[in-house]
Amino acid sequence: MNTTSQCSLDNYLVLPEHSCDARIREAREILGEQCVVLGHHYQRDEVIQFSDYQGDSWRLSELASQARGRYIVFCGVHFMAESADILARPDQKVVLPDMNAGCSMADMAEISQVEDAWEQFVRLGLTSDEGKGITPLTYMNSAAAVKAFVGERGGAVCTSSNARAAMEWGFARNRKLFFLPDQHLGRNTGYGMGIPLEEMVVWDPYLPQGGQTAEALRAAKVILWKGHCSVHMRFLPEDVDRMRQRYPGIQVIVHPECRWEVCQKADDTGSTDKLRRLVTEAPAGTKFAIGTEIHLVNRLAKQHPDKTIMTLNDCGCLCTTMYRISPQHLAWSLENLVEGNVVNQIKVRPAVKRWARVALDRMLQIKG
Ligand code: SF4
């Protein structure tokens with residue numbers, strides 16, 4: 001086995017990408033069933049080819065909760081690896097090959113800001129601290145501390161696969177929801193359930209009282225956190241018009257992290273798993289313009305040569321943090337595991353784990 005004695009990351013970062021393939025395969029073979037590699041759909045091909053399972057964040061959390069091996073190597077971003085650690089057995093260890101693989105959306109909701117918003121809701125008499133009055137829901141794309149906050153106050157985590165079911169679940173408990181951190185997923189889902197836009201207000205953590213009057217907060221059915229995905233925000237309504245003009249009959253399908261105006265113009269919206277299904281089930285010859293991360297779009301185009309598959313906007317809709325997981329990082333993590341060193345382990349603090357687990361378990365029970 002061609003490992004360095006210290007397995008230092010610097011020695012790997014200088015390797016040409018293709019030279020890592022054989023090393024990754026060899027390490028995987030040695031580790032065998034001790035290790036499972038999970039890959040999010042937005043990972044690049046050079047990395048995802050080594051994953052045992054691929055999926056969206058919903059599917060990957062289910063897989064993490066069922067994984068048998070001692071090591072779960074998560075090719076995704078930080079909040080996903082945190083969730084895997086929360087759902088994993090105590091003897092399992094979760095590894096994120098590059099600690100810098102974060103998510104700008106998750107970073108838009110810091111726990112201190114969320115606590116501060118909630119305190120203001122309590123002061124205004126909208127809810128009790130325990131959540132009698134407002135059901136808090138957080139998208140999977142949030143820090144473990146935010147998931148724990150929600151779990152402790154009677155709320156749940158959701159993904160783009162089960163956001164509607166989670167909102168229905170939340171409304172069965174209270175007449176008002178607090179949806180974190182993606183305003184677009186919250187708005188698109190709420191609107192799809194028949195909630196008028198005026199009944200969904202945006203809470204801006206950088207403005208006094210979130211930038212809202214007490215009356216507006218009282219009247220709202222959904223209070224949306226002011227967060228977004230910088231990748232999906234790039235898709236614009238004009239992109240839909242342009243593609244339809246250029247390719248009459250084209251199917252426009254987009255992720256619900258896109259703006260409301262884009263989702264309204266699209267033929268369908270859905271999680272990455274749903275977008276894949278729509279493409280797979282379409283008859284040969286169908287043309288698609290897809291509004292989601294470019295690696296998934298390019299992979300679908302390769303897998304379905306009998307269909308025309310394009311990105312809705314080719315101006316760099318790439319998730320740069322997902323892209324950080326490289327073959328070099330994967331080889332480094334796996335060869336270290338072979339040597340008995342667990343590098344880049346993601347460990348959520350026990351106090352946070354307890355309530356985040358409650359919120360994640362609720363998510364797994366709320367089917368999409
Ligand atoms: S695509 Fe957007 S939401 Fe998903 S990990 Fe990247 S920045 Fe975060």
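This is a predicted model: local features need pLDDT of at least 70, side-chain atom pairs count only at pLDDT 80 or more; totals for chains, interfaces and linings use all residues.
Which residues make the contact between H8 and H17? From H8 there are Ala144, Ala145, Lys147, Ala148, Gly151 and Glu152. H17 contributes Val352, Trp355, Ala356, Val358, Ala359, Leu360 and Arg362. By class, this contact has 9 nonpolar residues, 1 polar and 3 charged.

Is Lys147 buried or exposed? Its relative accessibility is 0%, so Lys147 counts as buried. Setting aside neighbours within four places in sequence, Lys147 touches Trp355, Ala356, Ala359 and Leu360, and also Phe79, Ser83, Thr138, Met140, Ser142 and Val157. For a sense of the sequence separation, take Lys147 and Val358: they are 211 residues apart in the chain, and their C-alpha atoms are 8.8 Å apart in space.

Ile111 is in H7, which covers residues 111-123. Beyond its neighbours within four places in sequence, Ile111 is in contact with Ala145, Val146 and Phe149. Its relative accessible area is 28%, so Ile111 is partly exposed.

Now the strands. Strands in a sheet pair through backbone hydrogen bonds, in a parallel or an antiparallel sense.

There is an open sheet of 4 strands in the order S2-S1-S3-S4, and its pairing is parallel. At the edges are strand S2, 53-55, and strand S4, 93-95, each pairing on one side only. From one strand to the next, the twist averages 25 degrees. Strand S3, residues 71-75, is joined to S4 by 3 bridges. Within that pair, Tyr71 is opposite Lys93 of S4. Helix H16, residues 327-338, lies across strand S1, 35-40, as well as S3 and S4. The direction of H16 makes about 175 degrees with S3.

A second open sheet of 4 strands, also described as parallel in its pairing, has the order S11-S10-S12-S13. What are its edge strands? They are strand S11, 268-269, and strand S13, 308-311. S13 pairs with strand S12, residues 287-291, in the parallel sense over 4 bridges. Phe288 has Ile309 in S13 as its bridge partner. Helix H15, residues 294-303, packs on this sheet and touches S12 and S13. H15 runs at about 165 degrees to S13.

Next, strand S7, residues 177-180. S7 pairs with strand S5, residues 135-139, in the parallel sense through 4 bridges. S7 is also joined to strand S9, residues 222-225, by 3 bridges, again parallel. Leu177 shows both pairings: Thr135 stands opposite Leu177, and Leu177 stands opposite Val222 in S9. What about the faces? In a regular strand, side chains alternate between the two faces of the sheet. In S7, Leu177 and Phe179 are on one side, Phe178 and Leu180 on the other, and all are buried. Both faces of S7 are therefore covered, with buried meaning under 20% relative accessible area.

Two loop residues to check on the backbone. Gln209 has a phi near 50 degrees, a positive value in a residue other than glycine. Gln209 sits in the loop between strand S8, 200-203, and helix H11, 214-219. With a relative accessible area of 26%, Gln209 is partly exposed. Asn344 also has a positive phi near 50 degrees. The loop that holds Asn344 is the one between H16 and H17, which leads back to the helix I began with.

Last, the ligand. Which residues surround the ligand? They are Tyr42, Cys103, Ser104, Met105, Asn141, Cys229, Val231, Glu257 and Cys319. That shell divides into 6 nonpolar residues, 2 polar and 1 charged.

Definitions and conventions
Residues are numbered from 1 along each chain as its sequence is written. Side-chain values use heavy atoms; hydrogens and water are left out. A residue is near a molecule or strand if one of its heavy atoms lies within 4 Å of it. Ala, Val, Leu, Ile, Met, Phe, Trp, Tyr, Cys and Pro count as nonpolar, Asp, Glu, Lys and Arg as charged, and the others, Gly among them, as polar. Contact means heavy atoms within 4.5 Å. Two strands pair if DSSP finds at least two bridges between them. Axes are lines fitted to C-alpha atoms, for helices over the stretch in contact, and angles run from 0 to 180 degrees between N-to-C directions. Buried means under 20% relative accessible area, exposed over 50%, partly exposed in between (1.4 Å probe, protein chains only).
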